[in-house]
Amino acid sequence: MTMALTDPSSISNFNSMKKFLLKTVLYVFLILLLLETIVRVFHLYTEDPPRYIDEYLVEKRVPGHNGYAVTGNRNQNFSEFNINTTGFNSHREFVPTKEKFEIALIGDSFIEGFHQDYYDSTGKKIETILDTVEVYQYGYAGYDLANQMHLIKAYKEQFNLIDEIIIYLNYESDLERGVYEPNRERIAMLSSTVFKIRDNVKLLAYGSKVGILEPIKKLVTGQAFQNTTEAYENNTVDVDQSKAAQRKEQEYLENFKSLVNLYGYDKSKTTILLDSRKTKASFLAYCNENGFKYIDFAPTFESTTKPVTLIYDWHWNNHGRELIAKVIADYIKGKKAQNGK
Amino acid sequence: MLFNSIEFLLFLPLVFFLYWFFFNKKTLVQNLFLIFASYLFYGWWDWRFLALIFLSTLVDFFVGQKIYQNIDIRKKARYWLWVSMAFNIGMLGFFKYCNFFLDSFIDFFQLFGYQMKSTWTLRIILPVGISFYTFQTMSYSFDIYYKKLKPTNNFVAFMAFVSFFPQLVAGPIERASNLLSQIGKGRTFSYPQASAGLKLILWGFFKKLVIADSIAPIVDDVFANYHTYSASTLILGVCLFSFQVYGDFSGYSDIAIGTAKLFGIELKSNFRFPSFSRNVAEYWQRWHVSLSTWFRHYLYIPMGGSRVSKLKSVRNIIVIFLVSGFWHGANWTFIFWGGLHALFYIPVFLMGRNRMYAHNVIGENRLFPTPIEVLQVLLTFTLVTFSRIFFRSPSLTDSFQYINGIVTNFAYEPYVHPMGYRMSDFYVLLGLFVFYEYLIRKDERSPFKFKSKMVRILLYTIVVLAMLLFYDDGVNRSFIYFQF
């Protein structure tokens, strides 16, 4: 180091720098400490109950966790969750019997419903409308159709007793694979020390939620520099875009067929819940031709003037969930009437 | 490289550390390292344009010598000054104004029915900061010509002066007498200076990330869809734009001044709480001070300033405001904006009130402003904000239609944020911001000047917390003045 202590001015410089660095570190530490306190006191952070893979290779939450999920930087959405003994966020335990009428609602984070108090979930709303049914919400953030089909097969005994199965299918992301493999890497990653630190230091959990850590993540993964390099390069138009889309469409359909073959599909009591605005016509046509029933909630969402999604987040808000519940309840009512139940 | 980027977050501590611990032995080494850091900072955006900075440096260094060698032969000195101006203004003209002149020329002929095709329009990018560093190098030549400065023989110091990264891309535009003299000497680390620098950086980031960036989506929405909104929303949109552009540009300046302090260099203040100006003249003594000073020294005063007849002074005022408008951008909207400011300024000048508030602030020696001062501030804010309709709109037609919307659709309707956010959050934020700026209004360089350490730590925490509370990763985080 060239800031050598050779003369009085250098010594003074060195001491000034030492003071500056020490005080900067001290102030940063104090600010972080205060911020951590504020984030905890005002519960600005969101909680993510731990996940695991059970003996049936089903990925789900560790039972018995309660807490609050928060959306938005300024607590725009604050909701309570409750992980039941089966490992899903729900107001009830899943105990199907032959006597009761049960509906299984399976899906990803939209069905898991961390954006709504668990006692006011879509399932609860359906129960309120239909009065005599029990709704079991097998929702888990990250589930695709492979997860869902595997779940039904793995919990065959439970599902044999359940009267109706509704699978929420987000066409754009849920048909990426034709066979189920538990995502052990994700579970391992979420159980790693880094993520444990993130979950315990609430300021980090909060920063991660609002996206302020994204640039750092990009830097660590090298994406930050990649973007800069890309910016200098000329844009090239992918002339095969439409062909690629066609290939994707075909691939999704094949994956659907593969999942049905591998895990079985009880057409009499299984219905897909989807948004036709985001689903390819070829897939809908295939469903129609082959007797795969589906509920399309697009017209209901289009007919409302109120927003159906949250702020800072594109998950359904309370109004969106009310509409979904009504669509499902109407469908069940119609089906019951048809079957004379 | 943007100040508010992750790259800068790594770049600054690294450069700071190397500057003070490895390259601080000799001034020459310090300056060479500053040049390297500055060129890296600028080249991160596009290294090809580094050649322009280097060329501008080379020309003005050489011209400065030539002017000084012929300082007593005014004709020759003037010739060399013209060389500097021709080069710098030529460069600006090519990159910034060429398309504007071509398009205006075509539009003009189309008025008479001649249909011309714009085959000459250039497809070029505007080099970031070109308006700032060309003005800075020109000021060097001007100062030598006006015998206010001796040229430097130290090319390395001159290179560091032109490219000094904290103020390279958006100012403050420094005069050589201030910045070059500091760069010519060795710097020693000073704790109070570095500490003040960090505080300014923090405050600058608050203004940029919290004030400017959080309201940017609202302003973008209102100006993009002005034809669908009623007067209340249009007024809200342009008022918020006033806060946005202030937060954005003064935030940048604070970060630049603070960063320079970390390297032992003092830059001139660029903003002195312009929102509290009591007339338009005071506003221009507080808003983008370095540019106003530049125009005053190198355009207004050489034209005679206010020492000529009233009529000529008015002409001079009109000229500098029109040129200032044109400096901001190659668009008639900026020229109109400048013209409007001239209109607002002239009555103040004719009444002899243009220097009235040069040395005091609102609420001087008082806790609260007087009712008269409040009215004056509101009137000034209204005028300045009105002019910003032209500043923000993409064309003159849009500006007039925006104003037309205010006049013809004079109704109130509650505004709904494009993302559905609570608008009250932003009103509370801006209210607190104005209140806090009023508290610190006497010293723009010490935003956290409170005796109690506890209060200061609490304020730092609140400022960082606000950055988290209003962070939105969907917002375009570039600085507005980069486009100029």
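Mentor: Happy to. In chain A, five strands form an open sheet in the order β6-β5-β7-β8-β9, with parallel pairing. Two strands pair if DSSP finds at least two bridges between them.

Trainee: Which strands stand at the edges?

Mentor: β6 (133-139) and β9 of chain A, each with a single partner strand, so one side of each has no neighbour in the sheet. On average, neighbouring strands of this sheet are turned by 20° against each other, direction ignored. The axes behind that angle are lines fitted to C-alpha atoms, for helices over the stretch in contact, and angles run from 0 to 180 degrees between N-to-C directions.

Trainee: Before I go on, what kind of model is this, and how is it numbered?

Mentor: This is a predicted model: local features need pLDDT of at least 70 and side-chain atom pairs count only at pLDDT 80 or more, while totals for chains, interfaces and linings use all residues. Residues are numbered from 1 along each chain as its sequence is written, and chains are lettered from A and ligands numbered from 1 in the order in which they are written.

Trainee: Thanks. How many bridges does β8(A) have with β7(A)?

Mentor: Four bridges, in the parallel sense, link β8(A) with β7 (residues 164-168) of chain A. Ile167(A) stands opposite Ile272(A) of β8(A). Strand β9 (residues 294-296) of chain A also runs parallel to β8(A), joined by three bridges, and there Asp296(A) is the bridge partner of Leu274(A).

Trainee: What unit do β8(A) and β9(A) make with a helix?

Mentor: Together with helix α13 (residues 281-290) of chain A, they make a right-handed β-α-β unit. Right-handed is meant like this: with the strands pointing away from the viewer, the path from the first strand over the helix to the second runs clockwise.

Trainee: And how many residues of β8(A) are buried?

Mentor: Four of the five residues of β8(A) (270-274) are buried, so the strand is largely enclosed by the rest of the structure. A residue is buried if 20 or more other C-beta atoms lie within 10 Å of its own, exposed if 12 or fewer, and partly exposed in between, with C-beta atoms placed from the backbone. Over the 341 residues of chain A, 31% are buried.

Trainee: I also clicked on Ile111(A). Which helix is that in?

Mentor: Ile111(A) sits in helix α2 (residues 109-112) of chain A. Ile111(A) counts as buried because it has 26 C-beta neighbours inside 10 Å. Between Ile111(A) and Gly139(A) there are 4.7 Å from C-alpha to C-alpha, although they are 28 residues apart in sequence. Beyond its neighbours within four places in sequence, Ile111(A) has contacts that include Gln137(A), Gly139(A) and Tyr168(A). In contact means C-beta atoms, placed from the backbone, within 7 Å.

Trainee: Where are they, and are they buried or partly exposed?

Mentor: Leu57(A) is in the loop between β1 (51-53) and β2 (59-61) of chain A, and counts as partly exposed because it has 13 C-beta neighbours inside 10 Å. His288(B) is in the loop between α11 and α12 of chain B; with 21 C-beta neighbours inside 10 Å, His288(B) counts as buried.

Trainee: What does α12(B) pack against?

Mentor: The buried residues of α12(B) pack against α5 (130-145), α11 (280-286) and α13 (310-328) of chain B. Among those buried residues of α12(B) are Leu291(B), Trp294(B) and Tyr298(B).

Trainee: Last one: how many residues of each chain take part in the contact?

Mentor: Chain B gives 28 residues and chain A gives 30 residues. On the chain B side, α1 (6-21), α9 (191-224) and α18 (453-469) give two or more residues, and α18(B) gives the most, with seven. That side divides into 18 nonpolar, six polar and four charged residues. Nonpolar covers Ala, Val, Leu, Ile, Met, Phe, Trp, Tyr, Cys and Pro, charged covers Asp, Glu, Lys and Arg, and the others, Gly among them, are polar.

Notes:
Contact = placed C-beta atoms within 7 Å.
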